[in-house]
Amino acid sequence: MTITRREVLGGGAAAMALGAELAAAARADVPADTAGTIAVRLHVNGKRRDLNLDARVTVLDALRDHLHLTGSKKGCDQGQCGACTVLIDGRRVLSCLTLAVSVSGRKIVTIEGLAASNGQLHPMQQAFIDQDGFQCGYCTPGQILSAVACVKEGHADTDDEIREFMSGNLCRCGAYPKIVAAIKQARDHMDSA
Ligand code: FES
Ligand code: FES
C-alpha cells in the first residue's frame, strides 16, 4: 500500500489502515497472555512477592497498584517531593523514579513494614507522634523512611545537617521544625532499632 504524506497528515482512511497494519505486526510477536510483562520477584517488608509487570512499572506503582501497599504516597511522580521514599537495601530511594524490574531480589521496606512484628512502633514513628511531626500526614511516610536513613547515614548530628539531608522531602504543611525535633528524639534511640 502506498500512502502519501498528505494522506498521513490528513489522518484519512489510508493512515488508519497503516496504523492497524503496524499494530497487528507488533501484536504478532507477543504471546497474548504475557504481552509486555516480565516476571519480577520483589522482597517487600520481609515477604517474597512474585508479580508479572510491564517493564515500565515503577516501584511506587507496583507497591500501590499491584500489592495494595498504599502507605508510600504519590506526590509529584517525578522525583521532586520525596513522598514516595522507600528503603531499598537500607538506602532511601525515590520509588516513583525506580523501575520495579531493576530492584528484583532486593529488600524493600515501606512504612507498612517499619514497626516490629509485635506492633511496637519504630523509634522514628514514635518520635513523629511524640513531637507532632505532621499535620495532614501526606508526606509523613516518606519523611519517616528518609529520616531513618538520615540517622543511619550519620547525617543527624545538628539541626542544620538534618535540614540539609532531609531537604529532598517536602512538606506542604510546613511541619519542618517538628520533623527536625522528631529526628533528634529518634536519633538517640535507634541503635537498638
Ligand atoms: S512522588 Fe516520588 S518524588 Fe514525588
Ligand atoms: S504533613 Fe502535610 S504535607 Fe507534610
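This is a predicted model: local features need pLDDT of at least 70, side-chain atom pairs count only at pLDDT 80 or more; totals for chains, interfaces and linings use all residues.

Trainee: What does H43 partner with in β5?
Mentor: The bridge partner there is K107. β1 and β5 (residues 107–109) pair in the parallel sense, over two bridges.

Trainee: What's the strand order in the sheet?
Mentor: β2-β1-β5-β3-β4, five strands in an open sheet with mixed pairing. β2 and β4 (91–94) each have a single partner strand, so they stand at the edges and one side of each lacks a neighbour in the sheet. On average, neighbouring strands are turned by 40 degrees against each other, ignoring direction.

Trainee: How do β3 and β5 run?
Mentor: They run antiparallel, and two bridges join β5 to β3 (residues 85–88). L87 has V109 as its bridge partner in β5.

Trainee: Which strands does α3 touch?
Mentor: α3 (residues 59–66) packs on the sheet and touches β1, β2, β3 and β5, with its direction at about 105 degrees to that of β2. α5 packs on the sheet too, touching β3, β4 and β5, and its direction makes about 40 degrees with that of β3.

Trainee: Switching to S146: where is it, and is it buried or exposed?
Mentor: S146 sits in α5 (residues 140–152). With a relative accessible area of 1%, S146 falls under the 20% cut-off, so it counts as buried. Leaving out residues up to four places away in sequence, S146 touches T85, R92, M166 and N169.

Trainee: New topic: at what angle do α4 and α7 cross?
Mentor: Roughly 135 degrees, and the axes of α4 (residues 123–130) and α7 (residues 176–187) come within 8 Å. That angle makes α4 oblique to α7. The crossing is right-handed.

Trainee: Which residues meet there?
Mentor: From α4 you have P123, M124, Q126, A127, F128 and D130, and they meet I179, A182, I183, Q185 and A186 of α7. By class, the contact has eight nonpolar, two polar and one charged residues.

Notes:
Residues are numbered from 1 along each chain as its sequence is written. Chains are lettered from A and ligands numbered from 1 in the order in which they are written. Side-chain values use heavy atoms; hydrogens and water are left out. Two strands pair if DSSP finds at least two bridges between them. Helices (H or I, at least four residues) and strands (E, at least two) are DSSP runs, numbered from the N terminus. Axes are lines fitted to C-alpha atoms, for helices over the stretch in contact, and angles run from 0 to 180 degrees between N-to-C directions. Angles under 35 degrees count as roughly parallel, over 145 as roughly antiparallel, 65 to 115 as roughly perpendicular and the rest as oblique. A crossing is left-handed if the near helix is turned anticlockwise from the far one by less than a right angle, and right-handed if clockwise. Contact means heavy atoms within 4.5 Å. Ala, Val, Leu, Ile, Met, Phe, Trp, Tyr, Cys and Pro count as nonpolar, Asp, Glu, Lys and Arg as charged, and the others, Gly among them, as polar. Buried means under 20% relative accessible area, exposed over 50%, partly exposed in between (1.4 Å probe, protein chains only).
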